[in-house]
Amino acid sequence: VEDGQVLDHLDSLVDKSLILLTQDDQGRTRYRLLEPVRQYAQERLSDTAEPVRFRAAHARYFVDFVSRVSPGMRTAEIVTTMKRLDGDYDNIRSALATLLETREVGSYLALVFDLFSYWMHKGLGVEGIELSLQGLRAATSETDKLGVVKAWWTTAIHAAELTDPDGGEYGRAGLQVARETGAPNAIGRLEIALGAAIRHATTDPGYLEQLVEGRRLLEEHPE
């Protein structure tokens with residue numbers, strides 16, 4: 001199908017009631033498959049020689065989508081941004097599963113990091129930890145170390161928020177990788193994450209050492 005013909009085909013399917021045409025809260029047009037049609041399409045796709053290629057393209061689209069949209073979680077547009085991510089969260093979960101299946105661990109960890117603020121505001125910290133750990137377990141020596149550091153940071157901060165006693169373990173694992181990178185900013189962020197995890201889940205006063213060192217590094221190396 002040529003790019004210019006896609007909308008014509010979609011309109012034809014809408015006219016036949018095979019696809020639903022809706023609008024989200026921001027007035028954006030959305031197309032949704034009826035469940036029987038979706039199941040049939042999945043069966044037909046499975047019969048082709050390239051189902052993984054199409055799923056990989058879908059995953060890459062949503063990695064880019066979340067990368068573009070997620071910064072809005074840290075602005076006055078937070079409510080609008082959450083609604084956009086809410087509307088495609090099933091697609092985002094599917095993208096994460098595909099990225100693991102296709103061993104695109106770097107993209108998986110980048111997506112996990114970009115979802116951090118969304119998970120935090122939605123109270124999805126437990127899910128965030130579980131999904132982050134899945135990607136970290138799949139990481140190899142070839143995986144970008146800064147991507148690994150960001151994923152450990154995500155995991156440790158969620159754990160601190162949940163007073164999860166495993167948070168210290170996550171923070172230490174991330175700090176080890178951060179030190180391997182030699183990047184002061186990354187080390188500082190993991191020092192603070194480790195300190196927060198220790199403070200929220202234990203009575204160990206050693207968290208102060210991590211917080212002080214982390215703040216020092218971030219002041220000296222803000223980026």
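Ala, Val, Leu, Ile, Met, Phe, Trp, Tyr, Cys and Pro count here as nonpolar, Asp, Glu, Lys and Arg as charged, and the others, Gly among them, as polar. By these classes, the second largest pocket is lined by 8 nonpolar, 3 polar and 5 charged residues. This is a predicted model, in which local features need pLDDT of at least 70, side-chain atom pairs count only at pLDDT 80 or more, and totals for chains, interfaces and linings use all residues. Residues are numbered from 1 along each chain as its sequence is written, and side-chain values use heavy atoms, with hydrogens and water left out.

**Pockets**

- A pocket is an open set of points on a 1 Å grid over the protein atoms alone, where a 1.4 Å probe fits, with protein on both sides within 12 Å along at least five of seven lines; lining residues have an atom within 4 Å of a point.
- The largest pocket holds about 2,000 Å³ of space, and its lining of 43 residues has Tyr 31, Leu 33, His 58, Phe 62 and Asn 91 nearest the centre.
- That lining comprises 19 nonpolar, 11 polar and 13 charged residues.
- The second largest pocket holds about 360 Å³; among its 16 lining residues, Phe 113, Lys 150, Trp 153, Asn 185 and Arg 189 lie nearest its centre.

**Helix α5**

- Helices are DSSP runs (H or I, at least four residues), numbered from the N terminus.
- The 13 residues of α5 reach 18 Å from first C-alpha to last.
- Its buried residues (under 20% relative accessible area, 1.4 Å probe, protein chains only) are Tyr 89, Ile 92, Ala 95, Leu 96, Thr 98 and Leu 99.
- Just after α5, Arg 103 has a positive phi of about 60 degrees.

Conventions: Points joined across faces, edges and corners; volume = space filled by probe spheres on them. Helix = DSSP H or I, 4+ residues; strand = E, 2+ residues; numbered from the N terminus. Expected span 1.5 Å × (residues − 1). Buried < 20%, exposed > 50% of the residue type's maximum accessible area, 1.4 Å probe, protein only.
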